[in-house]
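Try each task yourself before you read the solution.

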Amino acid sequence: MKLDTSGLESFPSLILHGNDVAGEISAPPSFDLPNSNDFDGFLKEAIQMVKPAKGTTTLAFIFKEGVMVAADSRASMGGYISSQSVKKIIEINPYMLGTMAGGAADCQFWHRNLGIKCRLHELANKRRISVTGASKLLANILYSYRGMGLSVGTMIAGWDETGPGLYYVDSEGGRLKGTRFSVGSGSPYAYGVLDSGYKYDMSIEEASELARRAIYHATFRDGASGGVASVYYVGPTGWKKLSGDDVGELHYHYNPVTPSTTVEQEMVDAAAA
Amino acid sequence: MTKQQANWSPYDNNGGSCVAIAGSDYCVIAADTRMSTGYNILTRDYSKISHLAEKCVMASSGFQADVKALQKVLSARHLTYQHQHNKQMSCPAMAQLLSNTLYYKRFFPYYSFNVLGGLDSEGKGCVFTYDAVGSYERVGYSSQGSGSTLIMPFLDNQLKSPSPLLLPAQDAVTPLSETEAVDLVKTVFASATERDIYTGDKVEIVILNASGIHREFMDLRKD
């Protein structure tokens, strides 16, 4: 299948003269490939050198009022936490969100590319693209790079003419329509909380609290997830960020320390005795 | 018949550390000047810092040949931008350009760990931190390179700013003054030099503020 090189468009139309100096920069778009006998092995090594953000927890679900999307914000490179403030919920356009799991650069780049394609669709067709269409665009791009080592596990959530939409798309080329998804190393923990608390007829407050709790529990048990739990809501007027809470603080919010049993209290009593 | 293996690698790691700190109206970018390969020191006097645009400076550690190529590509693209738009690129624009440039080589990456520092269009300090294939985020401070695992926890301790993801949103820049930030950078490099063999010799510190660009050097341990 022909590789999708639209992400590499480098404005040849702006350069009017066939100047050799500019020619290098505006050459037809293509990815540089190494001249190696073992492309597969070379890529595997390059990926080890390069790939962060495999550990993560993201989730999204559809309910009566729309779509709720939540994620943590930790990026890890092996055992080192490279960032606690990664934006894992990517704003593709004012009514569509994408979540990031897997390779950070892959997710950032292709989500941005998807946003551009969605905008071009709007201009060409005078109407917004559907969530079905947007997720298909992304899935087709990722399928064309299948086997080349991209790592993307994303959920496309949005509101279009048919109502709320949620799709799971990954770099193996998979695309699934669904009502509840969680992706990442912390997803088993998030599913546990999400599935047991889910009701279709929740209010927005109940749904956002459920999403926040699910992320919190995943960060509690999964070492590769942590940082800030962000919760977004997608409704008929587009997406809105509902909350961003540090999971360390959420821990004490959900498990308050009762004053009568503090260690300090016990130490004072012991010293007095 | 067994698969043929490559008997050389196109990559090497020349070591070194970079740091950048953003302030309310300044930005400090620093990198050591040691270039190594394996246990050998190639030179004690190599600049890892590149002045990409008027208000935008990049420090990169990793494989310096890839860094040099990357710097050349970026300055060529910046020159084209200046011819087409009749103005300098802003720091956030250069940040996006760097991200895309890195990602274009997704299947044969630049082995370059970058930190971009400068002033945004409001004159506030901004720092962008990257991985080798282009994922980036705007932060208040960052370090990359062989000493980053030693430097980052110290910067977290001294500069920890509220996460930009918190709601309501809070400012990421540090409340430190320019001289305090420069002192912090000097301290940080002195400490990293103690425990990282690839960091040392000298630290080159670049300060960007409203009055322009200022560069200073400080000697570090040469062992």
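## Exercise 1: the pocket lining

In the lining of the second largest pocket, α3(A) is the biggest contributor, giving seven residues. Keep in mind that this is a predicted model.

**Task.** Describe the second largest pocket: its volume, the residues closest to its centre and the classes in its lining.

**Solution.** 
- Step 1: start with the space itself, which has a volume of about 920 Å³.
- Step 2: look at the middle. The lining has 39 residues, and A:Lys87, A:Gln108, B:Tyr136, B:Glu137 and B:Arg138 are the closest to the pocket's centre.
- Step 3: go up to the level of elements. Two or more lining residues come from each of β5 (89-93) and α3 in chain A, and from each of α2 (91-104), β8 (125-130) and β9 (136-139) in chain B.
- Step 4: sort the lining by class, and you get 20 nonpolar, 11 polar and eight charged residues.

## Exercise 2: α3 and α4 in chain A

**Task.** Work out how α3(A) and α4(A) are oriented and which residues meet.

**Solution.** 
- Step 1: take the geometry. Helix α3 (residues 104-125) and helix α4 (residues 131-144) of chain A pack at about 130°, and their axes lie 10 Å apart.
- Step 2: that angle makes α3(A) oblique to α4(A).
- Step 3: check the hand, which is right-handed for the crossing of α3(A) with α4(A).
- Step 4: list the partners. From α3(A) come A:Trp110, A:His111, A:Asn113, A:Leu114, A:Lys117 and A:Cys118, and they meet A:Ala134, A:Leu137, A:Leu138 and A:Ile141 of α4(A). This contact has seven nonpolar, two polar and one charged residues.

## Exercise 3: α1 and α2 in chain B

**Solution.** 
- Step 1: helix α1 (residues 64-85) of chain B packs on α2(B) at about 130°, with axes 11 Å apart.
- Step 2: α1(B) is therefore oblique to α2(B), and the two cross in a right-handed way.
- Step 3: on the α1(B) side you'll find B:Leu70, B:Val73, B:Leu74, B:Arg77 and B:His78, facing B:Met94, B:Leu97, B:Leu98, B:Thr101 and B:Leu102 of α2(B). Their classes are seven nonpolar, two polar and one charged.

## Exercise 4: across the chains

**Task.** Are α3(A) and α2(B) roughly parallel or roughly perpendicular to each other?

**Solution.** 
- Step 1: the helices pack at about 110°, their axes 11 Å apart.
- Step 2: angles of 65 to 115 degrees count as roughly perpendicular, so α3(A) and α2(B) are roughly perpendicular to each other.
- Step 3: for the contact, α3(A) supplies A:Ala105, A:Asp106, A:Phe109, A:Trp110 and A:Arg112, while α2(B) supplies B:Gln96, B:Asn100, B:Tyr103 and B:Tyr104. By class that's five nonpolar, two polar and two charged residues.

Methods
Residues are numbered from 1 along each chain as its sequence is written. Chains are lettered from A and ligands numbered from 1 in the order in which they are written. This is a predicted model: local features need pLDDT of at least 70, side-chain atom pairs count only at pLDDT 80 or more; totals for chains, interfaces and linings use all residues. Side-chain values use heavy atoms; hydrogens and water are left out. Axes are lines fitted to C-alpha atoms, for helices over the stretch in contact, and angles run from 0 to 180 degrees between N-to-C directions. Helices (H or I, at least four residues) and strands (E, at least two) are DSSP runs, numbered from the N terminus. Angles under 35 degrees count as roughly parallel, over 145 as roughly antiparallel, 65 to 115 as roughly perpendicular and the rest as oblique. A crossing is left-handed if the near helix is turned anticlockwise from the far one by less than a right angle, and right-handed if clockwise. Contact means heavy atoms within 4.5 Å. Ala, Val, Leu, Ile, Met, Phe, Trp, Tyr, Cys and Pro count as nonpolar, Asp, Glu, Lys and Arg as charged, and the others, Gly among them, as polar. On a 1 Å grid over the protein atoms alone, a cavity is a set of points where a 1.4 Å probe fits but cannot get out, and a pocket is an open set with protein on both sides within 12 Å along at least five of seven lines; lining residues have an atom within 4 Å of a point. Grid points are joined across faces, edges and corners, and a volume is the space filled by probe spheres set on the points.
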